[in-house]
Amino acid sequence: MTHPVHTPVVAADGGLVRFALADLLAGRTTTMRVELSDAGAAEPWLTRLVGAEASLAALDQGHADLPVRPELGRLALLLWLRRWWPAGPSLGVPSLDPALLDLETAVATADVEALAEGLLDGFEASPAELFDAAVADGALLAAAGPVADDVQQLCARLAAWFDDQDDVVRAEAAARVETPAPSQTAYALAAGLDPVALGEGVLASGRASVDWARVPPGILDAGEDTVSWRIVAAAAATRLEVVVAGAFADATITAFASHEGEPFAEVPLELGAGRFSGTADLDDAAARLAARVPPGQIAVVVGVADESVAGTTAEDRAEVVALVRVRPPELRTLAERAAAASADEEF
């Protein structure tokens, strides 16, 4: 089965609407795949979307490849950007501002609700929730400088939509959004592990890559080999040290060390200057294991270690990065344009 990183999706009531990532990023999407799990729930919105005849055929088969509706494609792309965008200085890909993504996703969600009422019943976030997240703590005003006019236009659209929904408070809030001053978002790839102290010895060390599926989005550099680790023997205790270079925002994440699939240590990681890092003392059994096992037989995973998680491979990540790098500038979303403008200002 194709990993979700390659298939942007909109979760509909009673089904899924899937797109091919390469086509969405290149602006050449012509079809969308509708997969139904509850025909009764899906029938009303599917009929509004494609008409009675095509709807009956899709309901009978349980799936259908249908002509793309741009509103759904745009929402799927924005949801994908929020989860999988591969930012990293080492990749030459700037990070996207969450507030701008939330604002644009709010508008796209409203557009889909207008396209086919009921399609997004039970959806992960409403336009109201997304707008609230965008403007919280002044985040939208801080991020909108490079695309201020576009931000105001989207806010005006949302104000009209909220007004139609009789949400007077949000309609007024969206209408009051002012043009902010330009701003920049800087980030850098930090160095690795610090030197060991006199009298200490390194039993094992290595590097690893962050699996995008195991960490929250927008937190870490998406490049390869950003994780440095080592096991250090000292008089007081043997410890595991882990550094993850390239941090964009804070989060609760942990590194897990294992041998032949069996975990033997975990290290809570804390945000520092451009990196996450942490240290944990090993118990006696883990220390003996580290002393006798070749370093190549020790694996370090950052983030969720549960093997039920559908992880990304290095090939998955390289394919996505390659697609993002050749994305046509004229197709960029609001957040992408702001990121590109900020990156130009930094140099």
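Biologist: Which residue of β2 stands opposite Val 9?

Modeller: Val 9 faces Arg 18 in β2. Strand names come from DSSP: helices are H or I runs of at least four residues, strands are E runs of at least two, and both are numbered from the N terminus. This is a predicted model, where local features need pLDDT of at least 70 and side-chain atom pairs count only at pLDDT 80 or more, while totals for chains, interfaces and linings use all residues. Residues are numbered from 1 along each chain as its sequence is written, and side-chain values use heavy atoms, with hydrogens and water left out.

Biologist: How many bridges join β1 to β2?

Modeller: Two strands pair if DSSP finds at least two bridges between them. Here β1 and β2 (residues 15-18) share four, running antiparallel.

Biologist: What order do the strands of that open sheet have?

Modeller: The four strands follow the order β1-β2-β3-β4, with antiparallel pairing. The edges are β1 (9-12) and β4 (63-67), and each has a single partner strand, so one side of each lacks a neighbour in the sheet. On average, neighbouring strands are turned by 20° against each other, ignoring direction.

Biologist: Which helix packs on this sheet?

Modeller: That's α2 (residues 39-50), which touches β1, β3 (31-36) and β4. Its direction makes about 160° with that of β3. Axes are lines fitted to C-alpha atoms, for helices over the stretch in contact, and angles run from 0 to 180 degrees between N-to-C directions. Contact, here and below, means heavy atoms within 4.5 Å.

Biologist: At what angle do α5 and α8 pack?

Modeller: Helices α5 and α8 (residues 148-164) pack at about 40°, their axes 10 Å apart. That makes α5 oblique to α8 (under 35 degrees is roughly parallel, over 145 roughly antiparallel, 65 to 115 roughly perpendicular, the rest oblique). Their crossing is left-handed, meaning the near helix is turned anticlockwise from the far one by less than a right angle; clockwise would be right-handed. On the α5 side the contact includes Leu 100, Leu 103 and Val 107, and on the α8 side Val 151, Leu 154 and Trp 161 are among the residues involved.

Biologist: Which residues have the most contacts inside the largest nonpolar core?

Modeller: A nonpolar core is a set of buried Ala, Val, Leu, Ile, Met, Phe, Trp, Tyr and Cys residues joined through side-chain atoms within 4.5 Å. Buried means under 20% relative accessible area, exposed over 50%, and partly exposed in between, using a 1.4 Å probe and protein chains only. The largest core has 76 residues, and those with the most contacts inside it are Val 10, Trp 45, Leu 72, Leu 100, Leu 103, Leu 119 and Val 151. Its largest share, 10 residues, comes from α5 (residues 98-115). Take Leu 72: beyond neighbours within four places in sequence, its contacts include Val 10, Phe 19, Leu 49, Val 112 and Leu 119. Another core of 32 residues lies apart, with Ile 231 and Ala 265 among its members.

Biologist: Is β7 mostly covered or left open?

Modeller: Mostly covered: eight of the eight residues in β7 (238-245) are buried. In a regular strand, side chains alternate between the two faces of the sheet. From β7, Thr 238, Leu 240, Val 242 and Val 244 point one way, while Arg 239, Glu 241, Val 243 and Ala 245 point the other.

Biologist: Where are the partners of Leu 240?

Modeller: Leu 240 is the bridge partner of Ile 231 and stands opposite Ala 280 in β10. Seven bridges join β6 (residues 227-233) to β7, antiparallel, and the two form a hairpin with four residues between them. β7 also pairs antiparallel with β10 (residues 275-281) over seven bridges.

Biologist: Is Asp 281 buried or exposed?

Modeller: Exposed, at 58% relative accessible area. Asp 281 sits in β10, and, leaving out residues up to four places away, touches Ala 237, Thr 238 and Arg 239. Ala 237 lies in the loop between β6 and β7 and, at 26%, counts as partly exposed.

Biologist: How many helices and strands does the chain have?

Modeller: There are 12 helices and 11 strands. Of the 347 residues, 46% count as buried.
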